[in-house]
Amino acid sequence: MDELSQAGGTDLQQAPGGNRGRTVWASWMELLGSMRFAISLLTLICVASAIGTVVQQNQPWVNYINQFGPFWAEFFKPMGLFQVYNAPWFIGVMAFLVTSTSLCVYRNTPKMIKEMRVYRETMRENSLRAFAHRWEGEFTEQPAQMPAILTEWLAHKGFKSRQDVRSNGTMVAAKAGSANRFGYIAAHMAIIVICVGGLLDSGIPLKVAVWATGKQPVAGGEISSVIPEESRLGVMNPSYRASLLLPEGESSRVAVLNTDQGLLIQDLPFELTLKQFRIDFYSTGMPKLFASDVEVFDPQTQKRFNATIEVNKPLIYKGVTVYQSSFDDGGTRLSLKGIPLTGDRDYRVDLPGTVGTTANLGLLNLPYKIEFTGFKAINVEQLPTNPQDAGAATGSPTAGDGLTPFRSNLASVIGPGVKGKQATKPTNIGPSITYKLRDEAGQAREFQNYMLPVDLDGGRYYLSGVRDTPAESFKYVRMPVDDQGQLDGFMRLRAALQNETVREAAARRFAKVAFGDRSEGPELVASVAQSARKALDHFAGLNGQPGGLAALAKFIEDTVPEDQRERATDVLVRLLQGAMWEVYQFSREGHGLPPAKADAVHGRFVQDAQIALSDLALYGAPVMFQLDQFSEVKASVFQLAKAPGQWVVYLGCLFLCIGVFSMFYIRERRVFFWVTPTEQGTRLMVGMSTPRRTLEFEREFARLVEELSSRAIQKPEPKPVVDGEV
């Protein structure tokens with residue numbers, strides 16, 4: 001734009017004292033057409049584009065609340081930072097940039113075109129003598145013949161020339177590369193065209209269409225049931241960007257448009273059917289390739305054809321481009337086992353469900369609703385190659401650790417990885433489900449449970465994660481498997497611990513086995529049994545209060561003097577561990593199983609179960625659902641765009657390429673020859689100029705001088721080169 005401004009510089013400058021007489025309109029026109037104003041607008045657009053790149057656009061409002069917090073989310077919302085490219089101020093900046101550049105092009109293009117046609121053959125001899133690149137010499141040719149010779153010679157070099165015959169000589173003016181100025185014009189036109197294309201693909205056409213047709217967006221809940229006609233946009237809508245979630249085997253002729261006020265339904269000129277969704281993974285668990293095999297049906301022509309949509313390989317039909325955006329669950333059918341976490345009964349309740357739906361927990365007599373929010377058939381985590389070494393790196397969970405974050409025990413593909421230096425390898429740990437339990441007050445907790453046990457720290461565990469908000473990471477309870485690799489042994493132990501009769505009997509048996517042969521006799525056994533019973537009672541939870549090691553620690557804090565708490569804690573924990581072993585034996589006897597051997601395997605099971613039972617006190621749910629069977633249904637998420645400005649932007653890019661090529665690869669040069677007669681023939685003074693002095697220009701001038709010198713009969717020394725040019 002600087003070249004254009006320079007070309008019209010005389011138009012921008014006023015005569016002395018003219019500032020007082022300038023009208024306000026002229027001042028505004030000068031501002032809008034100035035280079036500084038355009039650069040300021042371009043800077044604003046660059047800053048806005050950076051914000052739009054860093055901050056994810058058009059996400060659900062709750063995502064921004066979780067990311068920035070309620071205060072800053074509300075603070076940023078009026079600025080349009082979550083929809084930068086459709087924000088009124090951004091569109092206004094684009095409009096001003098178009099206006100400014102258009103005004104500059106309109107005002108200065110005629111001057112530049114006129115300058116391209118001018119040969120400047122009327123240049124004076126004194127002006128030529130001031131050229132930095134100048135040479136003089138004498139030739140034997142006659143003055144009348146020399147201009148024609150020069151014209152022919154210049155034509156072979158690509159110059160166009162024109163003569164001005166004067167009384168004291170002839171001026172031959174030649175120029176080449178005048179198309180260089182087209183580069184400036186084309187580059188500025190590119191800015192205008194690209195901005196216009198961007199405005200056409202912004203939210204302006206949609207807002208105009210909604211306003212002109214009186215359409216009313218609706219809330220998301222109404223879309224699934226009834227689509228009012230006033231919320232539906234026809235196939236003639238000139239510009240839109242919509243989304244479509246399409247499960248396998250289903251078809252759709254509509255897509256969904258998100259607006260600030262709600263949702264609009266966009267009719268499509270064709271019907272799209274997802275026949276199959278295919279996905280491949282890297283060894284790390286990240287998606288390698290996902291593609292959708294679709295069938296397209298045109299209701300107007302009754303034509304059907306198959307197509308495959310991949311990332312960066314969209315389907316284009318009837319002006320609508322269908323992009324493969326992502327993938328999701330399409331309503332996988334689930335078969336769950338509900339496992340109570342309270343009470344002294346161990347039983348299961350079958351619960352069918354479908355991802356994306358909600359169900360009441362009436363069979364369990366619980367005032368909760370379960371929302372099936374997600375399913376993943378493959379979960380690849382970076383597990384240690386030697387599970388026995390994992391505990392050294394991550395730290396095995398210990399009593400009192402509470403809920404242990406999964407990512408601190410094994411690496412998630414989005415987590416920081418396994419701590420320590422042991423080798424890891426990608427491992428598929430099997431399917432998982434995600435669901436929410438929502439109480440009558442509307443409060444919900446989210447859970448993530450894995451279908452299969454996972455090898456961790458030398459043991460095998462079922463993992464159940466919980467979190468209060470989507471902004472948090474899941475924290476996982478590790479529940480050890482029994483001899484058959486199932487969860488039944490742990491749940492039997494949990495139910496037995498809740499039975500007062502079992503706790504009493506386990507405490508007595510433990511005291512008798514451990515201290516029955518002591519000389520103190522029955523008094524010691526009774527005392528130990530009473531203490532063990534208290535430890536079991538507080539660990540199990542009294543009067544509906546949460547139990548676990550935290551409850552036991554609270555009991556010690558309330559009943560034991562501070563200077564004796566450490567010793568009391570050590571004693572009660574030992575009593576608890578011994579009594580828990582007997583609770584475990586009673587849980588087996590109650591189901592007709594033989595007593596467990598007192599070996600390392602069963603000892604670790606009881607220890608791990610004790611930690612898991614302590615963590616369940618923080619689980620925050622009276623029931624856990626284990627995935628039993630599933631029938632997976634995949635879904636593709638498509639982005640559908642009708643972008644009339646796309647080809648306008650392409651045209652602008654073509655202008656930009658032409659402009660850049662012209663400015664950088666077409667060199668404008670002008671050469672002037674002043675031909676005067678002498679006694680021996682002709683005297684020639686040569687001057688050459690260019691807007692941008694480059695090394696290539698220096699070489700061209702040197703070649704020109706060399707060719708002239710070879711035919712000259714007298715070669716005066718060239719004038720020294722000075723900075724600047726007149």
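Hi everyone, let's start with Leu656, which is partly exposed at 37% relative accessibility; that label covers the range between buried, under 20% relative accessible area, and exposed, over 50%, using a 1.4 Å probe and protein chains only. Before going on: this is a predicted model, where local features need pLDDT of at least 70, side-chain atom pairs count only at pLDDT 80 or more, and totals for chains, interfaces and linings use all residues. Residues are numbered from 1 along each chain as its sequence is written, and side-chain values use heavy atoms, with hydrogens and water left out.

Back to Leu656, which sits in helix 20, residues 645-665. Helices here are DSSP runs of H or I with at least four residues, strands are runs of E with at least two, and both are numbered from the N terminus.

Now to the inside. The largest nonpolar core has 71 residues, and Phe490, Tyr619 and Phe625 have the most contacts within it. Helix 18, residues 565-589, gives the most to this core, with 10 residues. A core here is a set of buried Ala, Val, Leu, Ile, Met, Phe, Trp, Tyr and Cys residues joined through side-chain atoms within 4.5 Å. In soluble globular proteins, nonpolar side chains tend to be buried together.

Next, Arg670. Is Arg670 buried or exposed? Arg670 is buried, because its relative accessible area is 4%. Arg670 belongs to strand 26, residues 669-677. Not counting residues up to four places away in sequence, Arg670 touches several residues, including Glu115, Ala174 and Met688, where contact means heavy atoms within 4.5 Å. A polar atom of the Arg670 side chain lies 2.8 Å from the backbone oxygen of Val118. Arg120 is also on the list of residues that Arg670 touches: the two are 550 residues apart in sequence, yet 9.3 Å apart in space, C-alpha to C-alpha.

Let's stay with Arg120, in the loop between helix 7 (88-117) and helix 8 (125-129). Arg120 is partly exposed, with a relative accessible area of 34%, and has a positive phi of about 60° although it is not a glycine. Most residues other than glycine have a negative phi. Gln302 also has a positive phi, near 60°, and is found in the loop between strand 8 (287-298) and strand 9 (303-310). With a relative accessible area of 55%, Gln302 is exposed.

Last stop: Glu138, in strand 1, residues 133-139. Glu138 is buried, since its relative accessible area is 11%. Thanks, all!

Terms used. Polar contact = N/O pair within 3.5 Å; in protein donor to acceptor, adjacent residues only side chain to side chain.
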